[in-house]
Each structure stands twice: as structure tokens, then as C-alpha cells.
Amino acid sequence: MRCLGIVMGTLVSLTLASPLSSTQHPLDGYHMHLKQLLHKILWAANVKRCFAVITDDLHYPIYDRLLFESVGRRVRPFFLMRVNVSEDLQRPPKQVALVLKAIKDSDCDMHLITILNGWQAQRFLRYIYSSRSLNMQAKFILLHDSRLFERDMIHLWSIFVGTIFLKWHLNDRFTISTIAFPGILSGVLVVKNIAHWETGKSVNGGVLFPDKTRDLQGTSMPVAISEHVPMVQWVNTSNSYHGVEIEIMNSLGKALNFQPVYYKPNQSEDSNWELDEGYGNVNSDENETRINSKLIDEASHSARFAIGNLHLFQAYLQHVELSLPHNFDCLTFLTPESSTDNSWQTFILPFSGAMWAGVLLSLVIVGTVFYAISFLNAILLSGGSTGFFRFLRRNRGDPMDPKIYRRVSFRIAISRYRPSKESRRSRDIFDDYANYILLTYSMLLYVALPRMPNNWPLRVLTGWYWIYCILLVATYRASFTAILANPSARVTIDTLEDLLNSHIPPSTGVTENRQFFLDATDEVARMVGEKMEVVSQSDDLTAQIARGLCAYYDNEFYLRYLRVADESGGVGSALHIMRDCVVFMPVVLAMEKNSALKRRIDKTIQHLAEGGLIAKWLKDAVQRLPAEAPAQQEALMNLHKFWSSFVALGIGYVISILALLAERWYFRYFVMKHPMYDVLNPSLYYNFKRIYPDQ
């Protein structure tokens with residue numbers, strides 16, 4: 001449909017232009033010679049797609065049917081637009097903007113701008129530069145005017161490198177000139193005469209429109225850099241910059257014959273800036289954009305290039321040109337890493353809480369069963385059970401008269417008491433209620449009983465309980481060995497959902513990354529963007545991450561660098577790179593807005609990528625940046641893992657000391673205060689307790 005519109009516009013324009021040949025004009029001689037020159041230039045330029053004519057009322061009669069038919073061997077599509085002398089082309093009406101958009105969409109390779117008013121032509125060029133309404137790397141033909149070469153136009157002429165100027169002399173001769181390139185890149189504007197034309201002469205298209213960007217003749221090109229591993233890094237040993245993008249810039253310098261000059265922008269200035277009014281930016285109030293990258297500022301004002309791991313953000317395209325992507329970064333988060341290393345609990349980790357509760361409950365139940373069987377066996381065999389369940393019968397008898405304690409005869413009789421042979425007969429090991437816990441507990445620890453029970457029911461029960469102890473201890477030992485042989489599990493954050501649930505505030509270095517999350521269609525990403533903070537690089541950034549104060553968002557290789565750089569201080573081991581990549585973002589080089597070198601730069605970068613050089617440089621740059629920390633050696637028993645033994649030993653010491661203190665307290669406040677206790681004759685009290693255990 002667009003091609004059909006162009007062809008229809010061609011036919012209509014040819015029809016309207018046909019009567020112009022018969023129009024008489026006071027400047028017929030000027031028109032005739034300018035028409036002949038334009039005819040020869042159009043023929044020599046070899047227009048392939050289409051061309052556009054933007055003219056004023058004075059030059060409008062030149063463009064008739066004969067001129068358009070003589071462009072080539074066949075009629076080429078064209079656009080013809082006539083502007084008023086009083087029209088401000090830096091703020092053109094909507095119709096003009098639509099025509100310019102159609103010209104750019106058709107990718108016309110020739111633009112004829114025959115506007116006599118140099119001021120009007122200057123403002124028109126400013127509008128083209130700011131709005132990118134035309135392809136500025138195409139061929140342009142303009143009328144020579146000194147107002148086009150004012151000081152504030154120097155930057156524009158470093159962009160419109162394919163422009164020639166036609167200067168008319170009174171003898172009907174024309175001087176064809178152009179801007180000296182690449183000299184204009186050094187800030188020096190020189191108009192270079194390339195031909196003098198008069199009637200009957202021909203023109204050489206190769207001389208008028210050479211490829212000026214092929215050879216930059218060793219021109220020094222300022223390159224603004226920002227250190228960002230692995231793209232740009234300062235190496236002290238060589239006293240120079242190294243990195244992937246440094247290699248790319250050096251290769252571009254060799255391919256286009258220019259010398260890159262690297263410098264770091266002044267970081268003391270505020271990096272947030274707005275697009276200044278300049279080079280035709282007349283709508284800055286309406287399209288105000290804030291950028292948080294000093295490199296973009298440098299590329300749009302001072303430097304020809306800017307490198308430092310710049311990503312392809314739409315906001316950058318309003319101010320600079322971006323090259324083809326030379327790499328794709330995995331953007332993710334550097335998060336704190338915690339460990340489940342609870343070595344002090346190693347002795348209790350083999351069993352769960354419910355399992356330990358079951359073991360303790362079985363200890364009580366089995367001991368009680370042992371005691372009950374011993375009690376029943378005593379009833380069946382001896383017909384008495386006075387020694388059992390004494391704690392249940394305590395204080396049931398009548399208390400002894402305190403006067404008896406003071407009788408000398410009673411105390412002498414107690415001192416001379418000697419147990420009979422029958423009373424000294426050894427009881428069974430489970431007859432004492434205090435022994436059953438110690439004995440059943442010792443069986444769990446593979447400690448042999450002092451002797452086998454006398455009664456066969458207790459022997460049978462002891463055998464089955466031994467089987468239970470063997471199974472329980474074997475299970476505990478296997479689980480305990482597995483815990484010691486394997487490294488402790490790490491608690492890491494590997495997804496955006498984990499990051500939100502951890503309540504660690506995310507952070508990033510540039511505003512564009514935060515805006516990327518806010519503009520995302522994923523709800524989780526938007527929630528992360530709402531919590532994200534823009535922070536500046538600081539020496540304690542990794543320390544803050546390790547303490548869980550923030551999670552830093554950047555490319556994977558730079559996060560590796562942050563972690564490796566701080567491993568010497570013990571911080572890197574506490575950092576973890578999130579496993580999931582949030583997005584694979586294209587990495588580009590920034591150039592000045594509407595740079596004339598963009599096509600050459602893109603083509604060279606494509607060749608470098610296809611040849612595998614960029615991948616090789618990246619591999620070399622990240623060689624010393626491991627993806628993960630070295631894995632711990634398994635089955636290695638160290639003092640840290642053995643810490644639980646000291647914990648258990650300490651707990652045993654504490655319990656023993658407490659038991660000793662409790663026993664001392666009981667002896668002092670109960671035994672020593674008993675009426676039968678005598679410091680000079682301690683056996684008096686113990687003989688009394690043997691005879692009267694309930695008193």
C-alpha cells in the first residue's frame with residue numbers, strides 16, 4: 001500500500017508539475033543552470049529507491065516533469081513539498097511532519113532542500129536532528145548559506161556527513177562544496193570545495209558522495225567509560241583499561257582507523273539529568289525524561305562513544321544512538337546466604353522431636369514395666385512386697401514420738417544395729433525404683449548390666465529390650481554418620497518469590513532497572529519494583545548484603561566479581577547469586593545522537609560476534625570469576641562439626657554441678673536437721689533410716 005501511495009503521488013506530482021515548464025520567471029538563467037546541475041547530480045547519484053524535494057516558492061518552478069523524468073533510466077518515486085517563506089520549520093505543522101515521516105518510512109536515499117532563507121533551512125535541520133524525522137546518513141543537497149556554518153551548527157554537520165552545498169556565482173557557475181570529514185569530529189568546521197560546475201560539464205557521483213565513514217584517518221575519538229566488570233576494568237599491572245568492551249572499541253578503532261581516547265566522567269556531579277534544550281529540542285517541557293546514567297549524559301554532550309555495560313533501554317534512545325547488542329546479560333540478584341549449620345545440635349539432629357519424645361516415653365514405660373514385673377514376681381514368690389512402691393506409702397504410719405530420739409538407750413541400740421544375714425541378701429537389680437531409669441538408659445548406650453536379673457520373666461524382657469536398643473542405636477548411628485559426612489545445607493534465595501518472602505529490600509544501581517520492574521506485566525516483578533531502591537556503589541555494599549540489609553540487582557558476572565572480591569574478608573562466602581535470571585538484557589555501546597558511524601559500528605560488531613571474538617574475550621574476562629564458591633569436602637570431620645560433643649559435655653557438667661548443689665542443699669536442710677543426725681557419729685542416722693525408712 002505504501003509503494004502504491006508513492007507511485008500515485010509520483011503521477012499526481014508529474015501531472016501538476018507539467019505546466020511549470022511554460023512559467024516565466026525573472027531568474028530564468030539561475031533556474032535553468034540550477035536545474036541542469038540538479039539533473040546531473042541526480043543522475044550521477046544513482047538514486048535507487050526514491051528522493052525527496054523540499055523547496056520554497058522561489059525554487060518551486062525548477063521541479064517540472066523533465067527534471068523528474070531525467071533522474072534515471074526509469075522514473076523514481078519522489079516526494080515534493082513546498083514550504084512558505086514565513087513558516088517556522090523548527091516547529092512545523094502536522095502536515096509537514098506527516099510528509100517527513102512518509103519520506104523516512106520510504107527510506108529515500110536523496111534529499112534536495114532548496115530553501116533560499118538560510119535561517120529557515122538551519123531551523124529545519126535542527127528539527128530533523130531532534131525529531132529524527134529523516135535519515136541523516138542519506139544524501140542531502142542544500143544551497144550554500146553562511147548562516148548554515150555558525151558555531152552552534154558544528155555538531156549537526158558531524159552528523160549530516162553526506163551533505164553537499166551548491167553556491168551560485170554571478171557568471172552562472174556553481175561551486176560544489178561539503179564539510180571536511182573527519183576533521184569536523186575534532187570540533188573544527190571546514191567547508192571543502194570539491195568541484196566547480198558550469199554549463200556543459202558533468203559531475204562525478206563518487207566525488208560528490210564518497211563514503212566518508214570508511215576511513216577516519218586516525219582521528220582521536222573520546223570514549224566515556226564506567227568501570228563495570230567484565231566489560232571495563234582498570235588493571236594496575238598494565239596501567240590501562242581491559243575488558244570486553246575495551247577490546248571491542250580497540251577493534252573498531254582498527255577497522256575504522258580512529259584512535260579511542262578513554263576517560264572517566266566526573267562522578268562528583270549529579271548523575272540525574274534532564275534533556276537540555278539544544279539542537280532543536282523545543283519540546284523539552286512536554287517530553288521531559290530523567291536518566292540515571294552519567295554515560296548517557298557524556299555520549300549526548302561530550303563523548304563520541306560511551307561504554308560500561310549499558311543495557312538497551314528505550315529511555316536511552318531519546319538521547320543517544322545504541323549499537324547492535326554484542327552480548328546478553330543475565331540480570332539477577334546478589335542475596336545473602338544463610339547456613340543451617342547448627343553443629344551444636346548434632347547429637348539431637350539424627351532424630352526428630354517426635355522421635356525423641358517416643359524414645360524418652362519408651363524409657364519411662366519400659367522401666368516401669370521392669371519395676372512392675374519385679375514387684376509381681378516378689379508377691380508370687382515370697383508373698384511380700386514391702387520394699388516396692390515405698391514412695392507411695394511414705395508417711396502413712398504413725399510418726400515416732402520426738403522424745404524417743406533423745407533417749408540414750410535408743411541411740412545406743414541404733415548405733416549397735418547390725419543387719420541380719422537375711423536382710424543382707426541381695427535384691428534383684430530392678431527391685432529398686434531408682435535403678436530402673438539408670439539401667440534402661442545404660443542399655444540404650446550399649447552399657448552392660450551389672451548382672452543378669454535373677455527372675456526369668458525379667459531376663460526375657462531384658463533380651464527383647466536389648467533387641468529394641470540395637471535397632472534404635474543402629475538407626476541413630478546411621479543418621480548421625482550421614483550428618484557428619486555431608487556439608488550443612490545452605491538456605492538461598494533463587495526466585496523472585498523467595499526474595500519477596502524473605503523481606504530483604506531489593507536495590508539496584510540505576511533508575512532504569514527499577515522502572516523495568518515497575519513496567520513489567522508480571523505481578524511479582526511489579527511488587528519487587530515497588531520495593532526496589534536505587535543505591536550508589538559503596539565499599540560496604542557486600543557487607544550490607546551479607547547482613548541481609550539489601551539484595552543487589554545487576555548482571556551475573558558483575559555479581560560474581562563482587563562476591564569474589566570480598567572473599568578475602570570472609571564476606572563473599574555469605575553471598576549467593578540468585579539461580580533464576582530475571583531477564584536476559586542486551587548489552588550495547590552508546591554513541592552520540594544520530595551518529596554517522598552507527599552503520600559501520602553495527603556492521604563491525606556483527607562481524608566480531610560472528611567470528612567468535614566477543615565470546616572469546618568474554619570467556620577470558622570471566623575466567624577468574626567462578627559461578628559458585630568451591631564445594632566443601634565431604635566426609636571431613638573438623639572441630640566445627642565436633643562442636644556438639646563439647647556442648648553435650650558442657651550440659652553434662654552443668655547438670656552434675658546442679659545435682660551436687662541439690663544434694664548438698666538436701667543434706668544441709670534435711671539430713672543435718674534430723675533429730676538422729678550426729679556430726680560425730682554419722683552412722684547413727686543411716687542405721688536409723690535402715691530400721692525406720694518411713695520416719
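Strand β4 is mostly covered, with four of its five residues buried. Please bear in mind that what we are viewing is a predicted model.

On one side of the pairing pattern, β4 pairs with strand β3, residues 110-114, in the parallel sense over four bridges. Within that pairing, M110 has K139 of β4 as its bridge partner. A parallel pairing over four bridges also links β4 to strand β5, residues 163-168. There, L143 stands opposite L166 of β5.

The loop between α5, residues 118-131, and β4, residues 139-143, contains R132.

Is R132 buried or exposed? Its relative accessibility is 19%, and buried means under 20%, so R132 counts as buried. Which residues does R132 touch, leaving aside those up to four places away in sequence? They are K104, Y127, L317, Q318, V320, E321, K593 and N594. With N594, the side chain of R132 also forms a polar contact of 2.9 Å.

The buried residues of α15 include L458, T462, Y465, C469, L472, V473, F480 and L484. As a general point, an α-helix has 3.6 residues a turn, so residues three or four places apart point the same way.

Conventions. Residues are numbered from 1 along each chain as its sequence is written. This is a predicted model: local features need pLDDT of at least 70, side-chain atom pairs count only at pLDDT 80 or more; totals for chains, interfaces and linings use all residues. Side-chain values use heavy atoms; hydrogens and water are left out. Buried means under 20% relative accessible area, exposed over 50%, partly exposed in between (1.4 Å probe, protein chains only). Helices (H or I, at least four residues) and strands (E, at least two) are DSSP runs, numbered from the N terminus. A polar contact is a pair of N or O atoms within 3.5 Å; within protein, one must be able to donate a hydrogen and the other to accept it, and residues adjacent in sequence count only if both atoms are side-chain atoms. Contact means heavy atoms within 4.5 Å. Two strands pair if DSSP finds at least two bridges between them.
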